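Please look over the model shown here. The notes that follow are grouped by topic.

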Amino acid sequence: MGMLVEGVWKDVWYDTKNDGRFERSVAQFRDWVTVDGAPAEGRTRSFKAEPGRYHLYVSLACPWAHRTLIFRKLKKLEDVISVDIVHHYMAENGWTFLKEDGATGDSLYGSDFLHQIYTRADPSYSGRVTVPVLWDKKEQTIVSNESSEIIRMLNSAFDEWGDASLDLSPLTLRGEIDAINERIYPAINNGVYRTGFATTQAAYEEAFDELFAGLDELEDRLSRSRYLIGNTMTEADWRLFTTLIRFDAVYYGHFKCNLREISDYPNLSNYLRDLYQTPGIAETVDMLHIKAHYYASHNMINPTRIVPKGPDLDFSGPHDRDRFGTGK
Ligand SMILES: N[C@@H](CCC(=O)N[C@@H](CS)C(=O)NCC(=O)O)C(=O)O
């Protein structure tokens with residue numbers, strides 16, 4: 001675990017100086033790929049969508065990177081956007097390109113560490129070195145390292161080559177999608193990290209209570225509709241999915257989010273199986289990377305680095321969500 005300071009790698013753990021609270025730092029590469037390369041509103045640079053030009057650096061363990069793999073899969077962009085997978089163990093060198101357990105290495109430059117990709121884009125970069133990264137092979141730079149924005153680009157900029165019939169963030173639902181994302185991100189997506197990385201009892205309990213209040217609210221919401229927003233699958237569902245799929249295996253134990261498991265919630269667990277069984281999704285879920293990453297990399301939480309064998313999870317069993325049908 002570490003970060004770059006003016007282009008130099010330093011091995012440091014997360015800062016929880018605010019009363020033991022974990023605060024995720026804001027992603028710094030925030031440019032945009034557009035259909036025609038016209039500047040996106042409020043962005044300093046924009047990039048033209050082209051097949052074969054862009055590359056994703058991801059970790060199969062990471063819920064934020066997982067979102068981008070899901071969008072690449074659902075939008076049928078596998079031949080349009082290439083991918084490299086970092087090794088699951090993230091320690092003193094941050095994410096590495098060690099080729100093992102299905103990690104691919106850096107197919108573009110043969111780098112050893114992900115921080116070398118960041119300094120290739122900006123030799124004096126200061127900040128955390130995170131996945132996912134959307135890389136432009138033409139300009140040899142990082143377009144974005146913010147997953148919530150990368151998925152919006154994948155959703156709409158590459159329709160000439162991908163599945164244009166699928167719009168996971170339609171403008172007509174954008175207000176509702178943004179509103180539910182704003183509720184789910186702090187309490188649940190980032191909430192599990194706020195719980196697990198807290199360094200005081202009070203900060204832990206605050207995040208824990210918000211997390212389970214959020215899950216209880218979603219359990220109720222999902223008693224009335226198949227997806228978060230009516231019976232239409234949207235971006236909001238996939239942003240929630242990557243947290244739910246890791247919950248019982250990792251967050252419940254490792255991050256001490258142990259009031260309830262997802263399997264204790266009838267609606268959430270059926271919803272999770274429903275999403276998991278969407279064609280193509282199961283192959284984006286890698287429990288080996290997920291468990292090995294969290295339990296082994298967070299040395300201050302689990303110094304023995306023992307990865308638990310359980311729980312025995314099966315997301316392929318029947319679910320009851322068909323009762324709602326699909327479409328509005
Ligand atoms: N806001 C970013 C967050 C990405 C993020 O924090 N990724 C984690 C992995 S789950 C990471 O790479 N952490 C490395 C670090 O913070 O040093 C996004 O959603 O893209």
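**Briefing on the predicted model**

In the protein chain, 66% of the contacts with a separation of 6 or more are between residues 24 or more positions apart. The model is a predicted one. Its protein chain has nine helices and nine strands.

**Overall dimensions**

- The radius of gyration of the protein chain is 19 Å, which agrees with the value near 20 Å that a compact globule of 328 residues would have.
- Taken along the principal axes, the box filled by the C-alpha atoms of the protein chain is roughly 50 × 50 × 35 Å.
- Of the 328 residues in the protein chain, 41% are buried.

**Helix α3**

- Helix α3 spans residues 147-156 and is mostly covered, with nine of its 10 residues buried.
- The buried residues of α3 are Ser147, Glu149, Ile150, Ile151, Arg152, Met153, Leu154, Asn155 and Ser156.
- Among the elements that these buried residues pack against are two helices, α1 (63-74) and α7 (235-251).
- The buried residues of α3 also pack against the strands β3 (32-34), β8 (133-136) and β9 (141-144).

**Gln116**

- Helix α2, residues 115-121, contains Gln116.
- Gln116 counts as partly exposed because it has 16 C-beta neighbours inside 10 Å, whereas a buried residue needs 20 or more and an exposed one has 12 or fewer.
- Gln116 and Gly196 are 80 residues apart along the chain, and their C-alpha atoms are separated by 28 Å.

Key
Residues numbered from 1 in each chain as written. Predicted model: local features only at pLDDT ≥ 70, side-chain atom pairs only at ≥ 80, totals over all residues. Helix = DSSP H or I, 4+ residues; strand = E, 2+ residues; numbered from the N terminus. Contact = placed C-beta atoms within 7 Å. Rg over C-alpha atoms; globule rule 2.2 N^0.38 Å.
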